[in-house]
Amino acid sequence: MLDLNKLCEDKQTIAISSHIRPDGDAFGSSLGLYAYLKKKYPDKKIDVFMVDPNPLFSFLPGYDDIKTSPSEEAYDLFIALDFGDKERLGNNKVLIDNAKDVACVDHHLEYKGIAPEANSYVLPDASSTAELVYDLVGKDNIDDDSAICIYTGIVCDTGVFQYSNTSQKTMETAGYLMTFNFDHSKVVAEAFYEKTYRQTLLLGRSLLESILLMDGKVIVSVITQRTLKFYNASSKDLEGIVSQMKHTKGVDVAIFMHETVTGEFKVSLRSNENINVAVIAAKLGGGGHERAAGLTMSGSSYDVINNVTAEIEKQYNEAEEESG
Ligand code: AMP
Ligand code: MN
Ligand code: MN
């Protein structure tokens, strides 16, 4: 395993960042590591960057320190959290390009070697990058600040310990984190379940307008720019919709997409054990995990549906051939 102290000891300036459209794991892993490094190395310059942070996570310690515009500074070390492809850094790509050394902690499948192997801690089976940060920081160094951050990351990426990425170790880690001074049920309520009324309306609308395809095995819904404008909403207001769609009985794959700019869609995929959406997303230029993946695609929503369902069909056919 990567030795965090060996890595940081001789560095004077350290930048941390996660991916664009940061989710709970992006915040939890980044701010958890930030809390630890700030305390351990009070004399070093440690900065955390994020593109367009979601105020939903403003309850996390360190949130107010997040730098939202990119820096040209050549940091001694850049630590990438929760992504393995530098394109996912958005405007913060300059940080990785200018850094003198790079490390990466991640649990995605499409790791693109953005850091030297000795500086990487990449385990696709881990529930979350936050859980990996816990390993690196070490049980004995966890404090109240890092505990709430890491707990939040785990809760968000496991769907409150529901998804198949939840392991015995995940539960044991979370159990230990609960012994620190923070309100764990409030984290679950606020970071995972709570929605603004606008988000509730968009969820309702997405469910109401969803359609079933492929004999009810696939559910699809689309939110256009026009609808987003009508509700004065942004992509941040669409979190969690695809998981709710996936709860539909008989469904193997949920496809939720929203129009980011005219003619471009951000697509979220969720599946069960019957379909591997990481393979589909990767084929179409995105990435993610076996049962939760995403991509961005140009064209119409019908193009997206045709492309994704064709890949789903292929997987059903392959499975049928295998079972004879
Ligand atoms: P989302 O549907 O955006 O919640 O993403 C589900 C998973 O897929 C997350 O682990 C994301 O990090 C990953 N993911 C989403 N979009 C992309 C993309 N364009 N490229 C690579 N990975 C992605
Ligand atoms: Mn993430
Ligand atoms: Mn993650």
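**Reading the ligand 1 shell and the manganese site**

Strand E9 (264-271), strand E10 (287-288) and strand E11 (292-298) each contribute at least two residues to the shell around ligand 1. The model is predicted.

User: Which strand supplies the largest share of the shell around ligand 1?

Analyst: One sorts the shell residues by the element that holds them. Here the largest share, four residues, comes from E11. Sorting by domain, the shell draws at least three residues from each of domain 1 (4-193) and domain 2 (197-323).

User: How many residues of the shell are nonpolar, polar and charged?

Analyst: The shell divides into three nonpolar, seven polar and four charged residues. Of the 14 residues around ligand 1, those that come nearest are Arg88, His108, Lys266, Ser268 and Arg270.

User: Where do polar atoms of the protein approach ligand 1?

Analyst: One looks for pairs of N or O atoms within 3.5 Å. A polar backbone atom of Gly287 is 3.3 Å from a nitrogen atom of ligand 1. The protein covers 84% of the 480 Å² of accessible area that ligand 1 has on its own.

User: Which residues coordinate the manganese ion (ligand 3)?

Analyst: One lists the donor atoms and then their positions along the chain. The donors are Asp25 (OD), Asp82 (OD), His107 (NE2) and Asp157 (OD), at 2.1 to 2.3 Å, with the spacing D-x56-D-x24-H-x49-D. Asp82 also bridges to the manganese ion (ligand 2), and the two ions lie 3.6 Å apart.

User: Are Asp82 and His107 buried or exposed?

Analyst: Both are buried.

Methods:
Residues are numbered from 1 along each chain as its sequence is written. Chains are lettered from A and ligands numbered from 1 in the order in which they are written. This is a predicted model: local features need pLDDT of at least 70, side-chain atom pairs count only at pLDDT 80 or more; totals for chains, interfaces and linings use all residues. Side-chain values use heavy atoms; hydrogens and water are left out. Donors are N, O and S atoms within 2.8 Å of the metal (3.2 Å for Na, K and Ca); water is not among the atoms, so sites may look incomplete. Buried means under 20% relative accessible area, exposed over 50%, partly exposed in between (1.4 Å probe, protein chains only). A residue is near a molecule or strand if one of its heavy atoms lies within 4 Å of it. A polar contact is a pair of N or O atoms within 3.5 Å; within protein, one must be able to donate a hydrogen and the other to accept it, and residues adjacent in sequence count only if both atoms are side-chain atoms. Accessible areas come from the Shrake-Rupley method with a 1.4 Å probe; for residues, only the protein chains shown count as cover. Ala, Val, Leu, Ile, Met, Phe, Trp, Tyr, Cys and Pro count as nonpolar, Asp, Glu, Lys and Arg as charged, and the others, Gly among them, as polar. Domain bounds come from an automatic or database domain assignment.
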